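My notes follow in the order in which I looked things up.

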Amino acid sequence: MKALRVFKGEADLDGAGAVLAIGRPAFPHVLMSTLRGVAGVDHCMVFSFAGEGSASCLLNVGDIRIGADLGEAYSEHFHQSDPNKEAIFTHQASASPIMLPSFSRRMYSNSYWRMFFKGSDIVDKFATAVWFENTCFYVNFYKISSRGCFKPAQTDSLRRIAPSISAAVARHFEPTPVQRQNPRQSLDELFAFSDAFNFLTGREKEVCLRILLGYSSEAISSDLGIGIHSTLTYRRRAYDKLGISSQNELFKIVLELLIQSSPKAGALRDLN
C-alpha cells in the first residue's frame, strides 16, 4: 500500500498535512501543496471578515501573478460587492463550513469581473467560509486559464476536504495563534494521551504513528527492526481495534482529534 506523505511536499487526501502544520511557518506551503495534489488548485486566497464593512487578506499563495494586488484591492474596496458576502453573513451563527455558490460569470458586476477574473487570468473558483467566534475566514481556491476549470472530481474533492481545510485555516489565523510542536511531537502526544488509542499496544501505536508520518511498510519495518510480516500484522490489528480499514480513515481520526485539541475547540468541533 502506497503511503501518503505529510510535510514532504506531497498532498494527502484529507488535508492532514495542513492540519499538522497549524501555527508553523510552513503552513502556507503545506496547504498549497495539499490543494494542488487533491484538486489541482492553482492559487489560494484567505480573507477574514470581522464585520460586513471590513476585510483583510490573510493568505495569498500560488500562481496568480498579480495575487498580491488582488488581495489588496479586495480588502480595500471590492469585498463590498462580493456576491458571496450575503451567504457568508446569513450563516454567521453556523458552526459548520459554508459551501458557497458555484462560480458563475453572472454573479459578478462588470468591474468586479474585469479586476478579479479577466484581468488576472482566473477561469474558475471554489469557495468556502467558516465562522470562528466573531471572525469569518473566507477561503478561495482558483484555477487559471492555462490549466482549465476544475473537473467535477476535483470539485467533489474540495467539498470533501473543505471542513478540515476551513478548520485548519481558522486555527492557524485565529487571534491568539496556535503554537504547534513539530508533527512528530504532536502525534507522539496524541497517541500517548488520547482515549481513542489507549487500547492499542505499543507496537501498534508505533506502526500507526509511522504510517501518519509517511513511512512505507518497508520503512516502518526497518525503523522498528521488525519483519515486514510483523509490520503488516500490527497494522491490521490496529485498524481492527480502531474500526477502520484504510489509511485515509486513520488520517480522519487524527484530524478530528487535532482539531478538537484547541483550547477554543468548541467552535470548531463539528467542522470535520
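**Entry 1: the hairpin.** I started with strand 1 and strand 2, which form a hairpin with two residues between them. I take helices (H or I, at least four residues) and strands (E, at least two) as DSSP runs, numbered from the N terminus. The model is predicted, so I note its limits: local features need pLDDT of at least 70, side-chain atom pairs count only at pLDDT 80 or more, and totals for chains, interfaces and linings use all residues. Residues are numbered from 1 along each chain as its sequence is written, and side-chain values use heavy atoms, with hydrogens and water left out.

Next I checked the pairing. Strand 1 runs antiparallel to strand 2, with seven bridges between them. Two strands count as paired if DSSP finds at least two bridges between them. I picked out Met45, and its bridge partner in strand 2 is Asn60.

**Entry 2: the other neighbour of strand 1.** I found that strand 1 also pairs with strand 5, in the antiparallel sense and over seven bridges. Here I noted Phe47, whose bridge partner in strand 5 is Tyr138. Is strand 1 mostly covered or mostly open? It is mostly covered, since seven of its nine residues are buried. Buried means under 20% relative accessible area, exposed over 50%, and partly exposed in between (1.4 Å probe, protein chains only).

**Entry 3: salt bridges.** How many salt bridges does a search of the whole structure find? It finds nine. I count a salt bridge when a side-chain nitrogen of Lys or Arg is within 4 Å of a carboxyl oxygen of Asp or Glu.

I looked up Asp63 and Arg36, whose side chains meet in a salt bridge at 3.0 Å, N to O. Asp63 is in the loop between strand 2 (54–62) and helix 3 (67–76), and Arg36 is in helix 2 (residues 27–39), so the pair ties together parts 27 residues apart in sequence. Asp63 is partly exposed at 30% relative accessible area. Arg36 is partly exposed too, at 34%.

Then I turned to Lys143 and Asp42. Their closest N and O atoms are 3.9 Å apart, and they form a salt bridge. Lys143 sits in strand 5 (residues 135–144) and Asp42 in the loop between helix 2 and strand 1 (43–51), so this pair ties together parts that are 101 residues apart in sequence. Lys143 is buried, with a relative accessible area of 5%. Asp42 is buried as well, at 2%.

Lys241 belongs to helix 10 (residues 228–242) and Glu204 to helix 8 (residues 202–212), so the link joins parts 37 residues apart in sequence. Lys241 is partly exposed at 37% relative accessibility. Glu204 is buried at 2%.

I also traced shared partners. Arg36, Asp42, Asp63, Lys143 and Arg147 are joined into one network by such salt bridges.

**Entry 4: aromatic pairs.** I counted 21 aromatic pairs in the structure. Rings of Phe, Tyr and Trp (its six-membered ring) pair if their centres lie within 6.5 Å; planes under 30 degrees apart count as stacked, over 60 as edge-to-face and the rest as tilted.

For Phe27 and Phe173, the ring centres are 6.3 Å apart and the planes stand at 85 degrees, so the pair is edge-to-face. Phe27 lies in helix 2 and Phe173 in helix 6 (residues 152–173), so parts 146 residues apart in sequence are tied together. Phe27 is buried, at 0% relative accessible area. Phe173 is partly exposed, at 22%.

Tyr74 and Phe116 form another edge-to-face pair, with 6.0 Å from centre to centre and 90 degrees between the planes. Tyr74 is in helix 3 and Phe116 in helix 5 (residues 110–118), so the pair ties together parts 42 residues apart in sequence. Both residues, Tyr74 and Phe116, are buried.

**Entry 5: helix 3 against helix 5.** I followed that pair to its helices. Helix 3 and helix 5 pack at an angle of about 150 degrees, with their axes 10 Å apart. Axes are lines fitted to C-alpha atoms, for helices over the stretch in contact, and angles run from 0 to 180 degrees between N-to-C directions. Helix 3 is therefore roughly antiparallel to helix 5. Angles under 35 degrees count as roughly parallel, over 145 as roughly antiparallel, 65 to 115 as roughly perpendicular and the rest as oblique.

Which residues meet here? Asp69, Leu70, Ala73 and Tyr74 in helix 3 meet Tyr112, Met115 and Phe116 in helix 5. Contact means heavy atoms within 4.5 Å.
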